[in-house]
Amino acid sequence: MTASTRHPLTHLVSHLLTPLLMCLGMALAYQGAFHQPAPHHLKVAVVGSSPQSQALAAGIQQKAGSALDISTVPDRAAGAHQIEQRQLVGAFVPDPRNPELLVATANSDSSKTAVQEVFTQVADAQGVPMKTTDLVPTSSGDPTGQGIFFLLVALSVGAYGSVAVIGAAGAALSMRGRALVGLAVSLAVSVIGIVVAGPVYHIVDHHQVAVWALAWLYSAGIVMIGTGLHSFLKRWTTLTLMVLFVMLNFTSSGGVFQPALQPGLFGWLHRFYDGAGFVEGTRSILYFDGGVGLGGRVLSLALWLVAGLALVAAGGWYERRARLAAQRAAARPALAVVDGAEEEMEEAVGV
């Protein structure tokens, strides 16, 4: 292989490394998070304070092991309240003839299905059919409740896809100019997302302004983080954003499976990651009257945006420092030429 061939081939292979790493990361993240959903510490309750209810709860807990965390609540109203506050995934009301399971599809359809499987077996063992009551159904345009997750995907792709364009086509702009463009782009991304999810498909059929505000906060955080990182990472920015806002973000968002059905890493990320902030915050706004957990989710999204603004500031400082260094380096040869001319003149005068 000649030198003229070796250099272009090496250059090509180095650039192909990025999509190969994306492939590896997506395979590890998605299959690791979704390939084998199984409950662990799924919070459910048996309704009733009688010895029979206590015994039933203890028996189910013994069989389920760590898959379930079973408690008892005094009555049906208490069980319903805890479900509506997202403290329980389901509450089983035992009855010799008409047992009932209380659930909330809006909290998580996959978790609801897992709970139904458990208590259907209990009812079948008693030889009676079980009624399932959905206390908090989803909108008509989103029967599984996963439409919010796909809105998250659209917002994320629009946001991190814009970063590469701002970094390349906007390279001549100052960091402040690129940041302002980024904020405008994130606004456009959030508007597109809420229009499609709202009037077009009716996934978000009420509280659209509140969900749009959450979408803008989420999108702006990604764009600012990406714009700031581009100053340091250059062509590796896209891969980094894929890791941060696709591989780790989508898998920990709770949009497909909640943490109680996933390996522990994704449950830990779910506590603070921005995708989880958007998904859980939107669920809270749409279906749970902005109840428990909304403030924390909004705070997490705000902190991601603050981190992005800090990276933009750091990136601007880094670029200014690099420009000054380049200017000094360019000035050195000119100074050397001037010094040389002065020496020659001195010699000529001396002669």
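## A tour of the domain 1–domain 2 interface

Between domain 1 and domain 2 about 980 Å² is buried, and carbon and sulfur atoms give 57% of that area; buried area here is the accessible area (1.4 Å probe) that two parts lose on being put together, summed over both. You are looking at a predicted model, where local features need pLDDT of at least 70, side-chain atom pairs count only at pLDDT 80 or more, and totals for chains, interfaces and linings use all residues. Residues are numbered from 1 along each chain as its sequence is written, and side-chain values use heavy atoms, with hydrogens and water left out.

**Stop 1: the two domains.** Select 42–134 for domain 1 and 146–325 for domain 2; these bounds come from an automatic or database domain assignment. Their centres, taken over C-alpha atoms, lie 36 Å apart. Each domain brings 11 residues to the contact (heavy atoms within 4.5 Å).

**Stop 2: three residues of domain 1.** Now pick Arg86, Ala106 and Ser110, which supply 50% of the area that domain 1 buries against domain 2, more than any other three residues.

**Stop 3: the helices.** Next, show α3 (76–84) and α4 (109–126), each supplying at least two residues of the side of domain 1 that touches domain 2. The largest share of that side, three residues, comes from α4. Helices are DSSP runs (H or I, at least four residues), numbered from the N terminus.
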